[in-house]
Amino acid sequence: MLPSSGLPMLILATLLLIGPLVVRGQNDTEPIVLEGKCLVVCDSTPSSEPAGNALGMSVRSGTGRVAFSATRQTNHEPTDMSNRTMIIYFDQILVNVGSHFDQESSIFLAPRRGVYSFNFHVVKAYNRQTIQVSLMLNGWPMISAFAGDQDVTREAATNAGLVIMERGDKAYLKLERGNLMGGWKYSTFSGFLVFPL
């Protein structure tokens with residue numbers, strides 16, 4: 001006979017063994033995440049257990065996918081708006097899962113706190129100029145890249161990185177130096193939520 005405190009653990013173990021659920025456990029101290037439309041997170045060392053929850057179990061939606069990718073569709077000169085703000089505009093959306101990238105402003109708005117991955121590839125189309133591009137988070141540069149070979153007609157400023165964003169934070173690309181002219185379909189800006197915090 002099992003003690004009453006061990007019964008819920010036995011029931012959970014039985015469900016995990018017989019159900020068609022995918023289980024990934026990284027080690028004994030991290031939560032076990034069951035994948036699907038609903039994620040069940042079991043904390044093996046809960047600091048405080050909600051009333052009526054003997055397992056320290058929480059349930060959250062698994063439908064919060066966030067990803068975007070955009071490109072410059074036309075080989076256009078900078079607009080008056082981009083000359084004032086120096087924001088690099090992307091006029092064709094390839095992917096916008098969750099609709100958190102605004103095409104008109106070319107700004108990504110974080111829907112939740114988490115770790116986000118960003119990458120960018122911005123082409124300068126004329127030689128004898130240097131461009132510097134920064135990934136901006138709420139107006140502050142997080143990562144930068146430059147393209148400055150004077151003898152190369154087409155060269156890309158490219159970089160990638162992970163950043164922690166809070167809900168409502170804004171990420172966008174800013175031209176810190178030089179003139180962005182051209183770059184038809186060769187300039188891209190992409191990002192996605194790696195995992196929520």
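## Reading the model

Because this is a predicted model, local features need pLDDT of at least 70 and side-chain atom pairs count only at pLDDT 80 or more, while totals for chains, interfaces and linings use all residues. Residues are numbered from 1 along each chain as its sequence is written, and side-chain values use heavy atoms, with hydrogens and water left out.

## The overall picture

The protein has two helices and 14 strands. Both kinds of element are DSSP runs numbered from the N terminus: helices are H or I with at least four residues, and strands are E with at least two.

Of the 197 residues, 32% count as buried. Buried means under 20% relative accessible area, exposed means over 50%, and partly exposed lies in between (1.4 Å probe, protein chains only). The accessible surface comes to about 12,000 Å², with 56% of it belonging to carbon and sulfur atoms; such areas come from the Shrake-Rupley method with a 1.4 Å probe, and for residues only the protein chains shown count as cover. Among contacts with a separation of 6 or more, 64% join residues 24 or more positions apart, where contact means heavy atoms within 4.5 Å.

## Strand β5 and its neighbours

Let's start with strand β5, residues 67-71, where four of the five residues are buried. Two strands pair if DSSP finds at least two bridges between them. Strand β5 pairs with β6 (residues 92-97) in the antiparallel sense over five bridges, and Ser69 stands opposite Val95 in β6.

Strand β5 also pairs with β14 (residues 188-196), again antiparallel and over five bridges. Here Ala70 has Phe189 of β14 as its bridge partner.

## Aromatic rings

How many aromatic pairs does the structure hold? There are 10. Rings of Phe, Tyr and Trp (its six-membered ring) pair if their centres lie within 6.5 Å; planes under 30 degrees apart count as stacked, over 60 as edge-to-face and the rest as tilted. Phe68 and Phe101 form a stacked pair, 4.7 Å centre to centre with 5° between the planes. Phe68 lies in β5 and Phe101 in β7 (residues 101-102), so the pair ties together parts that are 33 residues apart in sequence.

Phe68 is buried at 3% relative accessibility, and Phe101 is buried at 3% too. Ring pairs also link Phe68, Phe90, Phe101, Phe108, Tyr116, Phe118 and Phe189 into a cluster.

Arg113 lies in the loop between β8 (107-109) and β9 (114-124), and Glu166 in the loop between β12 (155-165) and β13 (170-177), so the pair ties together parts that are 53 residues apart in sequence.

Are these residues buried or partly exposed? Arg113 is partly exposed at 37% relative accessibility, and Glu166 is partly exposed with a relative accessible area of 37%.

## Two positive phi angles

Most residues other than glycine have a negative phi. Ser106, in the loop between β7 and β8, has a positive phi near 60°. Ser106 is buried, with a relative accessible area of 0%.

Asn138 has a positive phi near 55° and is found in the loop between β10 (131-137) and β11 (140-147). Asn138 is partly exposed, with a relative accessible area of 39%.
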